[in-house]
Amino acid sequence: MELDKRTAALLTAAACGVGAVVVLVQKVSRHQEAKKRIQKATNLRTESLRRAEQEVLRYKQSHPATSSANILMLSLSELTKQLKDGSLSPEDVFYTYMEKAIDVHKKLNCCTGIILESFEQLKTIHSSKEGLLYGVPVSIKENFDCQNHYTSCGVVINLDQPIQEDSVLVKVLKSQGAIPFVKTNLPQALLNYDCSNPIYGQTVNPHNLQKTSGGSSGGEGALLGGGGSVLGLGSDIGGSIRFPASFCGVCGLKPTAGRLSSKGLKTILPGQKSVLSCPGPMAKDVDSLALFMQAVLCDHMFSLDPTIPPVPFNVQMYQSRKPLRIGYLENDGYTQPSPSMLRGIREVKALLERAGHTLVPYKPPRIKYALHELIVRGVLADGGATMLQKLKGSPVDPALIEQVKPYYLPKWIKKTMSFLLSPVSPRVPAVLSAICGFRSIPELWKQHAAVEDYIHETIAEWRRLDIDVLLCPMLGPAFNFFYCSRLTCAVSYTMIYNLLNFPAGCLPVSTVTEQDEEELRHYKGNYQDMWDRHFKKAVTGSVGLPVAVQCVALPWHDELCLRFMKEVEELVKESRK
């Protein structure tokens, strides 16, 4: 019996040892496979940049008279006009922006690769002269499918094979004469408003290399802010167009979800319906956003994707000058705005009032409930399991690690921590509880119904106040590195409109002043908790960086949202004169 016990113990120890070795070998194997995939993707990027540089050099040598500086100064509307009347050639414009994009990428690391097929498209572009975007180079966020290119969403598991077909919006852009010429960087797994991943690295801010460009459309924001693109295609599930637009000093529109086709737009949580993702444009001015919408809201898109309502762009609504009744929000009660955010809102409010518009105070209903129970619990209904599955076999990026750490904890630990922290922390316990997700399908259905109720409750509040649009703060200025993953709470000003499915746009209105920086020293926050202290640190050292505001309208009133943005843009320009 003693011998049998010893044998059993030895066999058990051996089995455990073999098991440990197998696990270790598998881990090493996955790590090696991840390294190979990452190396292959980065090699493809390097090669595409090298080939594009060679093509640009050849063109410049054979066309020395091309005035690149003049081309880069033109707005999109001016550019399209000169391309149409023939005073500019598509070739001059294309090679000018290709050269500039490569130059900006070298400084900011904003591109995941050149779309080399664009050189072939350029040869046949004259057949698309009737398109509204004829000859315009357009940058494309990496999570839009482009034939023969990866759509990784920043995770290694998606680097299996190149895509076989363009997304609907890429097809429509091409049919309107645009030339998709570069794909741009994004954060690992998309659900983060920094812009870094283990495949392509960290994208930095064009106005301050020690700041993030924002995300998830951070490559787009950086490239546009650095002057390397005149029009970009991004996507937004919680502010992913608006954050980089704010941080990098450009304009961005999150349309009503369902207004533009999402076919061929990859997300990290397919099937998640509580908070809707959607594509949208980014550019240097509001007219460019409007032109993009006018171009893609066409019969070709409605034919390629019949799930999109065939409603063309309402030019009359965009060009209207009727005085508006505008709700305004200074503090949502959850995230206290930075001094520059608050100043931006107050200055724009004063300009709008002087222009004859009526401004009405507004507060979002039940903001804590909406954020914790509808947004966080809805997006992470599975407790984060899908996102963690996507991260398997890949190193977790330093810009994401703080955000996903709690996802790895067992539910009972999260619930216990939530209970223990309740007496001492006002927000962390509610978020810990929310990221546990749902226990059953009936619970999820109940939450979906609650989302619908909240949308109607918010619309009823708009009706009670009789407001046409809403002016509210836009998170900023650009964060210092690694704070985005520690401050998921700060999405309160943006993600609420993804939940509501209201169109929302962002545009720059000012820059951070020395006085803003001085006032930041006295920042306490609405809760005076750990997150408020992090927020103060995140935005320090920002003098000279862009300050933005956000403009919001009711669902399917995207043109009214753009009209409101245009009004703000014009008033700010006039005030600077």
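The model is predicted: local features need pLDDT of at least 70, side-chain atom pairs count only at pLDDT 80 or more, and totals for chains, interfaces and linings use all residues. Residues are numbered from 1 along each chain as its sequence is written, and side-chain values use heavy atoms, with hydrogens and water left out.

**Nonpolar cores**
- M301, L562 and V568 have the most contacts inside the largest nonpolar core, which has 91 residues; such a core is a set of buried (under 20% relative accessible area, 1.4 Å probe, protein chains only) Ala, Val, Leu, Ile, Met, Phe, Trp, Tyr and Cys residues joined through side-chain atoms within 4.5 Å.
- Helix α4 (residues 90-108) supplies the largest share of this core, 9 residues.
- Another core, of 81 residues, lies apart from it and includes L186, F243, L432 and A548.

**Sheet**
- Eleven strands form an open sheet with mixed pairing, in the order β1-β3-β2-β8-β10-β9-β14-β15-β13-β11-β12; strands are DSSP runs (E, at least two residues) and helices likewise (H or I, at least four), numbered from the N terminus.
- Two strands pair if DSSP finds at least two bridges between them; the edge strands β1 (111-114) and β12 (358-361) each pair on one side only.
- β9 (residues 251-254) and β14 (residues 504-511) pair in the antiparallel sense over 3 bridges, and K254 has A504 of β14 as its bridge partner.

**Helix on the sheet**
- Helix α6 (residues 168-175) packs on the sheet and touches β2 (137-141), β3 (179-184), β8 (231-236) and β10 (278-283).

Technical notes. Contact means heavy atoms within 4.5 Å. Axes are lines fitted to C-alpha atoms, for helices over the stretch in contact, and angles run from 0 to 180 degrees between N-to-C directions. Buried means under 20% relative accessible area, exposed over 50%, partly exposed in between (1.4 Å probe, protein chains only).
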